[in-house]
Amino acid sequence: MPQISIISGLSAGGGAYSPALTDWVVMTKDASMFLTGPAVVKDALGEDVTAAELGGHRVHERNGVAHFVAPSDADAALLARDLLGFLPSHRDLPLPLAEPRPAGAADPSVHVSDNPRQVYDVRSVIAGIADGGDLLEVAPGWARNLVTAFIRIEGRPVGVVANQPRYLGGVLDTSSSEKGARFVSQCDAFGVPLLVLVDTPGFMPGSSQEAAGVIRLGATFVHAFARATVPRVTVILRKAFGGAFITMNSKDLGADYVFAWPQAEIGVMGAKPAVGIIHRRELAAAEDPDAAREELAVRYAETHLRPQVAAASGHIDELIAPEQTRQRVAWALRSLARAGS
């Protein structure tokens, strides 16, 4: 059964484990959670902090302990009620249905630039697919390069996992992998189908990420998708490169349908980094290396990164126009629901 904790005051010591063991935690702006309080911290470490500085909502909405923050007790109760509206009262029961509503926009790509380096807010794409443009975002302050949210499509609850180009260009890292794996597992536990929106250049490189265990946490995200039994639909919006392409609910992980917009690029890596490796000697000998790199990158993208190439190799089921996204996703979810029943 769904378990939700509302923290409207103090949750300290071993008692703080109780809400952390529930599925979702809602904190009010006056609440605090910590294992060791300010007095103990000062005595042990000489660190003088307030309860809010130690474990207030600003701390826990950024570290993933709190999934929602509400202004008051009443707002927290209403938020919990909204969350329960997406979930069955028991995992073996059907999902609660609502009256279908039109999407929030006719074309969800209206704010998405064709320039792969131009950032945008992926929540505008989600709103363009969702009934009424409404979404309930889960843990919006934690790992902001990945959006997790509940929406409805034709009245049916759907869990959304989406790369967020507005933060870190939409790369995956340790925190977003942990966040995504938890949300996917929760949706699978309660029978909520998944819609995955992909626009990522890959995993965050660097020694700090490797030291933080990006392999382990990335594998947890992969495993969450691979073991999920709910219907899963993926839409590649603009780019999907490297291990992140596989991780974000690819066909290799058992996605039921994978769609792609016509401008999407799909491959091991972006064109310029790829030609920098493949044509290293040629670029070193060129009179104008920048011009040569640009020409080779265009040629590489046309040959290797076009979605038609991925479709021909079975990684993509269908190329769809952006304005067809909601229609095709709704069809896929309906067909999978019928097949499951």
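H15 gives five residues to the lining of the second largest pocket, the most of any element; helices (H or I, at least four residues) and strands (E, at least two) are DSSP runs numbered from the N terminus. This is a predicted model, in which local features need pLDDT of at least 70 and side-chain atom pairs pLDDT 80 or more, while totals for chains, interfaces and linings use all residues. Residues are numbered from 1 along each chain as its sequence is written, and side-chain values use heavy atoms, with hydrogens and water left out.

Besides helix H15 (325-340), strand S8 (156-163) and helix H7 (174-189) each give two or more residues to this lining. A pocket is an open set of points, on a 1 Å grid over the protein atoms alone, where a 1.4 Å probe fits, with protein on both sides within 12 Å along at least five of seven lines, and lining residues have an atom within 4 Å of a point. Of the 24 lining residues, Leu-95, Gly-191, Pro-193, Pro-231 and Ala-337 lie nearest the centre.

Turning to the rings, the whole structure holds seven aromatic pairs, that is, rings of Phe, Tyr and Trp (its six-membered ring) with centres within 6.5 Å, called stacked if their planes are under 30 degrees apart, edge-to-face if over 60 and tilted otherwise. Tyr-257 and Phe-259 are stacked, because their planes stand at 10°, with the ring centres 6.0 Å apart. Trp-24, Phe-86, Phe-150, Phe-183 and Phe-190 form one aromatic cluster.
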